[in-house]
Amino acid sequence: MLRKNLIASGIIERPTIRLTPWLTVELDRVGYPLHTNGCHNRLMQTYAIESVLRIWAPSEDGIWRREAAFPCRTDYLYHDDILFIPRGFDDEDGYLLFIFQRSGDGVWSETQRLNFNDLYNLPDSEIDTPPSLECITEITLSPDHRSLACRTAKNTVALLGLGIDGKWQHRGRCQYAQKEQFSHDGHHVALSWGGSVFIMSKNDDGLWVNNGEISLDSEPDKMEFSPDNRHFVTYFTDAGEDSDSAPIELDLFFVIVAGLGRQGRWTEKLRIDKVPERQSRYFTLLTKFSPDGRHLVVGTSTDFEVWTLNNNKWALSRRGATEFSPNRGYGPLDDHSVAEFISNFEFILCGAKEASLWTQTPSGSWSSSLVFPYGDNTLPVASPDGNTIFNQNQSASAELWSRRDGWEKLTIDYPVEHAKFNNDSSLLAMSCDNRLIIFKKSISGCWHEKCQLKIDGEIYSYSFSQCGRTVNFHYRRGTRSFMSLWRITQDNN
């Protein structure tokens, strides 16, 4: 009891953590990579030669066993014990999509198979492609997991909905679309075709209806809904060549912000014109909404600005600088630059060689409070709660910035190749010289190294599970590739 009280008060730290091996699998050299689902309790791999998808899962005794195998010639979609498998180009059984479900005791069974008419609900007179020649090339699941967009090789999109009986049913369609993007609540979907973006919304009956059109004159490179699902931003960075069929002026690029009006329709609310320094077909642009959807960062290769929503109208709260300058705390942007909000009033702007933290002042303006010069290995990474920022600086070391009474820096005296936080921001995993190093944040908010794991090979990717109790990584040893799954346990000794 005394130890628990000391831990709770922050006088002593929690027990040291350690990594214990759970599973290591050699990857099929001719197959696709082995994937884990978000909780790391299911392993899946498609084999190119056999055209088979195999699924493994741990049993009650903790031993991994093969749970199921399905014919699969193309990409699949898995979520929450539901598996969607489109048919391949060579299949001629008349079905385009197969759906499987896993029961609580680990038994997989087919629950649905859908043909062309099931997906599109079209009369024969409107079918311009023989269904036997059609196939699905892209499947997108909405964030609320109740809608499914299925795009075929002919770029037609079928929208399915999950019914009360648990079956997936036709709920709408779009004749042509090259890409699609759902809103965060799953009630709207943007579909692009050519130089237009069509927005469809789901009505009270669960049917998808056309609800607005935005004209860009060129194929959009980005489509994004705001986190509050009330606004939408889109832009293009490749204007193409001027022609009668695509009359875009090469000296003018623009960002369009659309909004959901009182009548329930999406319309253009703001067009932000951007003129390059010299005439060019390509242009650097980036945008990012704040978590509450009230701020929008718009950046180019030469400046950036912040727009703020007040009384349902967008207004500039930070005007773009004439040019970037390291002396003023920010460097030029390029195609790899990003903006990331860590709260509703703070964002990190990553330029070509340095990043800066911008904070909104009580007066509504924005000022830079921290500057992070970084090397070529990794961009600065913020924890999900926004209270820690990892940065690999330009020397052979890294640093952790923690928000306590202001920002405090912890120097890490070795080069770090990659860094990732777990979902609750309590753990940080870093790869360095074929080692995986785990840091843990104490109750007082300080970070301490807790364990190191030496890998007999070259680490090229890793991730925490959603629950944060496991970590997996892929590594190479010569010409062979492996995936290893490790449990995170506490050493109470």
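Glu 268 is partly exposed in this predicted model, at 38% relative accessibility. Its salt-bridge partner is Arg 271, and the closest N and O atoms of the two are 3.2 Å apart. Arg 271 also counts as partly exposed, with a relative accessibility of 35%. The pair belongs to a chain of 493 residues, 50% of which count as buried, and the secondary structure of that chain consists of 2 helices and 40 strands.

**Salt bridges**

- The count of salt bridges comes to 17.
- Glu 305 and Lys 274 meet through their side chains in a salt bridge, at 3.1 Å from N to O.
- Glu 224 has a relative accessible area of 15% and is buried, whereas Lys 222 has 23% and is partly exposed.

**Sheet E10-E11-E12-E13**

- Four strands form an open sheet in the order E10-E11-E12-E13, and their pairing is antiparallel.
- The edges are strand E10 (136-141) and strand E13 (168-174); each has a single partner strand, so one side of each has no neighbour in the sheet.
- On average, neighbouring strands of this sheet are turned by 25 degrees against each other, with direction ignored.
- Within the sheet, strand E11 (residues 147-152) pairs with strand E12 (residues 157-162) over 5 bridges, in the antiparallel sense.
- Leu 148 has Leu 160 in E12 as its bridge partner.

**Loop between E10 and E11**

- Ser 142 sits in the loop that links E10 and E11.
- The relative accessible area of Ser 142 is 1%, so this residue is buried.
- Leaving aside residues up to four places away in sequence, Ser 142 touches Ser 147, Phe 182 and Gly 186.
- One of these contacts, Ser 147, falls within the range of strand E11, residues 147-152.

**Sheet E34-E35-E36-E37**

- Another open sheet of 4 strands runs in the order E34-E35-E36-E37, again with antiparallel pairing.
- Strand E34 (418-421) and strand E37 (447-454) are its edge strands, and each of them pairs on one side only.
- From one strand to the next, the twist averages 20 degrees.
- Strand E36 (residues 435-441) and E37 pair over 7 bridges in the antiparallel sense.
- His 448 in E37 is the bridge partner of Lys 440.

**Loop between E19 and E20**

- Ala 239 is located in the loop between strand E19 (231-235) and strand E20 (253-260).
- With a relative accessible area of 4%, Ala 239 is buried.
- Beyond residues up to four places away in sequence, Ala 239 touches Ser 218, Ile 248, Leu 250, Phe 253 and Arg 281.
- From Ala 239 to Glu 249 the separation is 10 residues in sequence and 7.9 Å in space, taken from C-alpha to C-alpha.

**Chain as a whole**

- The accessible surface of the protein chain comes to about 24100 Å², and carbon and sulfur atoms account for 46% of this area.
- Among contacts with a separation of 6 or more, 40% are between residues 24 or more positions apart.

Note on methods: Residues are numbered from 1 along each chain as its sequence is written. This is a predicted model: local features need pLDDT of at least 70, side-chain atom pairs count only at pLDDT 80 or more; totals for chains, interfaces and linings use all residues. Side-chain values use heavy atoms; hydrogens and water are left out. Two strands pair if DSSP finds at least two bridges between them. Axes are lines fitted to C-alpha atoms, for helices over the stretch in contact, and angles run from 0 to 180 degrees between N-to-C directions. A salt bridge is a side-chain nitrogen of Lys or Arg within 4 Å of a carboxyl oxygen of Asp or Glu. Buried means under 20% relative accessible area, exposed over 50%, partly exposed in between (1.4 Å probe, protein chains only). Contact means heavy atoms within 4.5 Å. Accessible areas come from the Shrake-Rupley method with a 1.4 Å probe; for residues, only the protein chains shown count as cover.
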